[in-house]
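Please examine the sequence and the structure shown below.

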Amino acid sequence: MSIRDWPEDSRPRERLLRLGAGSLAPAELIAVLLGNGVRGASAVELGQRLLARAGSLSALLNTPETCRMPGLGPAKRARLLAALELARRSLGEELAARPALSSPADSAAFLRAQLRDRAYEVFACLFLDNRHRVLAFAELFRGTLDGASVPPREVVRACLQHNAAAVILAHNHPSGVAEPSAADVALTQTLKQALDLIGVRVLDHLVIGSGTPVSLSQRGLC
């Protein structure tokens with residue numbers, strides 16, 4: 001049965017407008033974004049299939065291969081990715097509006113939303129002023145991260161470009177395991193030494209996995 005045949009007060013779009021987005025299940029929210037279903041499946045059923053195949057909403061939106069199924073073409077997937085990007089930017093605005101960052105927990109939620117469930121490694125920085133207020137967030141490198149693939153001069157250049165007084169480093173582990181490797185620790189020390197030369201403090205290096213981010217600072221490694 002098509003959603004058009006449902007009672008009006010049961011349709012996802014009408015319920016969203018009447019009761020708010022929080023009243024809808026994830027599959028129903030996906031249905032609103034998709035707009036319509038496919039032959040033999042409503043948009044809600046398609047949303048349920050996509051979630052079941054991906055295993056989670058974030059995996060669905062971030063891993064292209066989970067979206068390769070009948071009914072989810074480029075236009076529908078673009079709508080889903082646009083929704084995720086709006087959520088990320090909203091988190092960024094909320095973070096930037098805070099007066100200052102006083103602990104790793106202040107930035108961990110934002111960085112987790114930005115980097116978790118990526119299919120590839122991403123190295124990023126939160127640039128801060130001397131009161132630890134957020135100046136900018138930037139993804140600097142993608143791919144396997146080590147001392148060679150994250151040139152210190154590029155991180156230094158980015159800090160100078162944003163006129164940063166301090167920086168929080170972050171990268172993700174696509175495996176989902178946030179335990180820092182020896183290479184992560186070595187990279188942190190290399191970047192810390194390079195940034196010390198221009199007076200930029202490295203406050204932390206957060207490793208993002210599927211659970212709680214790991215703070216190298218809290219472990220005495222930064």
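Glu-28 is found in helix α2, which runs over residues 26–34. The model discussed here is predicted. Two packed helices are described by the angle between their axes and the distance between the axes.

**Glu-28 and its surroundings**
- Glu-28 has a relative accessibility of 15%, and because buried means under 20%, Glu-28 counts as buried.
- Its side chain forms a polar contact of 2.5 Å with the side chain of Arg-15.
- Leaving aside residues up to four places away in sequence, Glu-28 touches Pro-12, Arg-15, Ser-23 and Val-44.

**Helices α1 and α2**
- The axis of helix α1 (residues 12–19) and that of α2 come within 9 Å and cross at roughly 105°.
- Angles of 65 to 115 degrees count as roughly perpendicular, and α1 and α2 are therefore roughly perpendicular to each other.
- On the α1 side, Pro-12, Arg-13, Arg-15 and Leu-16 make the contact, while α2 contributes Glu-28, Leu-29 and Val-32.

**Helix α3**
- Helix α3 covers residues 43–54, and its twelve residues, at 1.5 Å a residue, should span 16 Å.
- The end C-alpha atoms of α3 are 16 Å apart, which agrees with that expectation.
- The buried residues in α3 are Ala-43, Val-44, Leu-46, Gly-47, Leu-50, Leu-51 and Ala-54.
- These residues cover an arc of only 160° around the axis, so they lie on the same side of α3.
- An α-helix has 3.6 residues a turn, so residues three or four places apart point the same way.

Methods. Residues are numbered from 1 along each chain as its sequence is written. This is a predicted model: local features need pLDDT of at least 70, side-chain atom pairs count only at pLDDT 80 or more; totals for chains, interfaces and linings use all residues. Side-chain values use heavy atoms; hydrogens and water are left out. Helices (H or I, at least four residues) and strands (E, at least two) are DSSP runs, numbered from the N terminus. Buried means under 20% relative accessible area, exposed over 50%, partly exposed in between (1.4 Å probe, protein chains only). A polar contact is a pair of N or O atoms within 3.5 Å; within protein, one must be able to donate a hydrogen and the other to accept it, and residues adjacent in sequence count only if both atoms are side-chain atoms. Contact means heavy atoms within 4.5 Å. The expected span of a helix is 1.5 Å times one less than its number of residues. The arc is that of the directions from the helix axis to the C-beta atoms. Axes are lines fitted to C-alpha atoms, for helices over the stretch in contact, and angles run from 0 to 180 degrees between N-to-C directions. Angles under 35 degrees count as roughly parallel, over 145 as roughly antiparallel, 65 to 115 as roughly perpendicular and the rest as oblique.
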